[in-house]
Amino acid sequence: MSLTIRELSATEAEAQIPALGTLLRHCVEDGASVGFVMPFPQQEAEAFWMTSVLPALRGGHRILWAAFDGAALVGTVQLDLAAMPNQRHRAEVSKMLVAPSHRRRGIARALMQALLARAAEEGRSLITLDTRSGDAAQPLYAACGFAVAGEIPGYALAPDGSPHSDPTTIMYRAS
């Protein structure tokens with residue numbers, strides 16, 4: 001594996017929309033609880049990047065990193081920068097995605113390291129995130145210095161679209 005992690009500009013992200021949509025769709029199909037439920041067509045996955053992520057990148061409110069194995073997009077993570085005057089010390093991790101075929105290879109950790117370094121550069125001393133309780137990513141977040149703030153029961157529908165809802169764990173990292 002030839003892993004490269006880099007920040008994507010809005011222009012670069014726009015050029016990657018089909019690959020970003022495919023990555024998101026594959027993660028949801030594999031059970032990732034990242035806000036979407038099945039069925040989840042490619043068009044809907046690409047629309048998320050076009051309508052939610054690109055405007056935030058262009059507005060300077062979000063930073064997007066991508067992980068590439070050679071030329072193949074295999075992971076992403078986003079940092080949402082809080083913009084309110086009393087919240088400029090904090091940011092939120094959003095949409096940590098690693099292709100199911102590339103998991104357990106250190107990609108998520110490399111993405112988090114890039115995110116945390118940039119958050120420090122931005123003067124963000126409090127970083128928050130939420131994750132499905134018991135998700136495979138939760139130990140990674142703990143290893144990256146995140147502590148559990150609490151759990152909200154029944155927070156999100158299961159990705160398979162069933163009426164079952166999963167609890168969410170809220171985590172934070174203060175520096």
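**View 1. The lining of the largest pocket, sorted by residue type.** Its residues split into 24 nonpolar, 8 polar and 11 charged; here Ala, Val, Leu, Ile, Met, Phe, Trp, Tyr, Cys and Pro go down as nonpolar, Asp, Glu, Lys and Arg as charged, and the others, Gly among them, as polar. This is a predicted model, where local features need pLDDT of at least 70, side-chain atom pairs count only at pLDDT 80 or more, and totals for chains, interfaces and linings use all residues. Residue numbers start from 1 along each chain as its sequence is written, and side-chain values use heavy atoms, leaving out hydrogens and water. The largest pocket has a volume of about 980 Å³. Of its 43 lining residues, Met96, Thr131, Asp135, Ala137 and Tyr141 are the closest to the centre. (A pocket is an open set of points on a 1 Å grid over the protein atoms alone, where a 1.4 Å probe fits, with protein on both sides within 12 Å along at least five of seven lines; lining residues have an atom within 4 Å of a point. Points are joined across faces, edges and corners, and the volume is the space filled by probe spheres set on them.) Strand β4 gives the largest share of the lining, 7 residues.

**View 2. Tyr141 and Phe146, ring against ring.** This aromatic pair is edge-to-face, at 6.2 Å centre to centre and 65° between the planes. (Rings of Phe, Tyr and Trp, the last by its six-membered ring, pair if their centres lie within 6.5 Å; planes under 30 degrees apart are stacked, over 60 edge-to-face, the rest tilted.) Tyr141 counts as buried at 6% relative accessibility, and Phe146 is buried too, at 4%. (Buried is under 20% relative accessible area, exposed over 50%, partly exposed in between, with a 1.4 Å probe and protein chains only.)

**View 3. Helix α2 and what follows.** Residues 17–29 make up this 13-residue helix, which reaches 18 Å from first C-alpha to last, close to the 18 Å expected at 1.5 Å a residue. (Helices are DSSP runs of H or I, at least four residues; strands are runs of E, at least two; both are numbered from the N terminus. The expected span is 1.5 Å times one less than the number of residues.) Its buried residues include Leu20, Leu24 and Val28.

View 4. The peptide bond from Met38 to Pro39 is cis, with omega near -5°, and Pro39 sits in the loop between α2 and α3. Lys95, in strand β4, has a positive phi near 50°.
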